[in-house]
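Here is a friendly walk through one protein model, meant to be read with the structure open beside you.

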Amino acid sequence: MDGAYPLADLAIPDPPLSDDDSDTFNNERELWQMLVNGTVAQVQGQQVVEFDGDLMLTVLNSISGRVSAVDITVENVELKVIEDDGSSCPKNRQCKKRVLCLQPVFIRDDNGMNASGSSFAVFQAAANDVWARCCVEFEWQAPVFVDSTAFQIIENMDQESGLAELAMLGDEVDQDGDNDCIEIFFVEQMNKANGDAHASGDGICRSGGAKHSKVWVSDAAIDDCDPDASRVCAHEIGHVMGLKHESGCVMTPGGNPPNCPTNNPDMVSLEQCKALRNPLLKEKDPVEDCCKTPNCESGGS
Ligand SMILES: [Zn+2]
């Protein structure tokens, strides 16, 4: 019956309750009875409910004992439907949307053919979904290319020579780390010295939390393991934004070569959302309000 009073006000703003209103003492009891039909409609882009029917108001004056009644016909009365405008967002989740520029780098052979990046679309979609929960939006740039057959497959990832090779590949784009974008290098495969694939859980991040942070991921994660590995890149981007490993959420660690990487849960915690940091993580311009929607409790380490 919440609608009764505004409805009556709209139908008949000042109903004649009594012919003897000589005081302002509230000594009347009201009984509302309504028989109305509501129809939901769109009026000028605004959702409204149109009511038609009858309202009966009966008033008992407890001093005089007089009973007054008024019958109100409701015709085409519109009540606007108030839509959720986001103000239901709990205070500790309200924030301004932030953006981070990401630069995909694909590796081609020495002749500029056979580009890597078969995992790109899957990794990209998963990363967008996960970090939108923390109100982070990625500005994915058009891919750039490194033409070097040697970098297509990284060997010896569990040895210094493999990591040195990764670093050399990293230096192929924005060596000084000042292009205000985080590079994500897509290699075809990352192997251990014994030939096992899926080294480092098919993803690795350097200098997490820093402006010059870089990420390397392996197409093999998706080519061999999809969809279990779809969040490897989202996990590495979590490191880029300064997060450490944490079991239970997307920052669950690793994988064990030659097995496919851990299927990182599609989840982030409020604590993780609040902890994100990187000098390149900037407030969106123009400013956009956002409600964080974390779906994970912070767990162990
Ligand atoms: Zn990790």
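A residue is called buried if 20 or more other C-beta atoms lie within 10 Å of its own, exposed if 12 or fewer, and partly exposed in between. Please keep in mind that this is a predicted model.

Take Arg-206, which sits in strand S11 (residues 203–206). Arg-206 counts as partly exposed because it has 17 C-beta neighbours inside 10 Å. Leaving aside neighbours within four places in sequence, Arg-206 is in contact with Gly-170, Ser-213 and Lys-214.

Ala-132 belongs to helix H2 (residues 120–132). With 16 C-beta neighbours inside 10 Å, Ala-132 is therefore partly exposed as well.

Each of these two residues also has a C-alpha distance worth looking up in the viewer:

| Pair | Separation along the chain | C-alpha to C-alpha distance |
|---|---|---|
| Ala-132 and Pro-294 | 162 residues | 9.4 Å |
| Arg-206 and Trp-216 | ten residues | 8.7 Å |

In soluble globular proteins, nonpolar side chains tend to be buried together.

Which residues does Ile-184 touch, leaving aside its neighbours within four places in sequence? Its contacts are Leu-102, Gln-103, Pro-104, Val-105, Val-215, Val-217 and Cys-233.

How values were computed:
Residues are numbered from 1 along each chain as its sequence is written. This is a predicted model: local features need pLDDT of at least 70, side-chain atom pairs count only at pLDDT 80 or more; totals for chains, interfaces and linings use all residues. Helices (H or I, at least four residues) and strands (E, at least two) are DSSP runs, numbered from the N terminus. Two residues are in contact if their C-beta atoms, placed from the backbone, lie within 7 Å.
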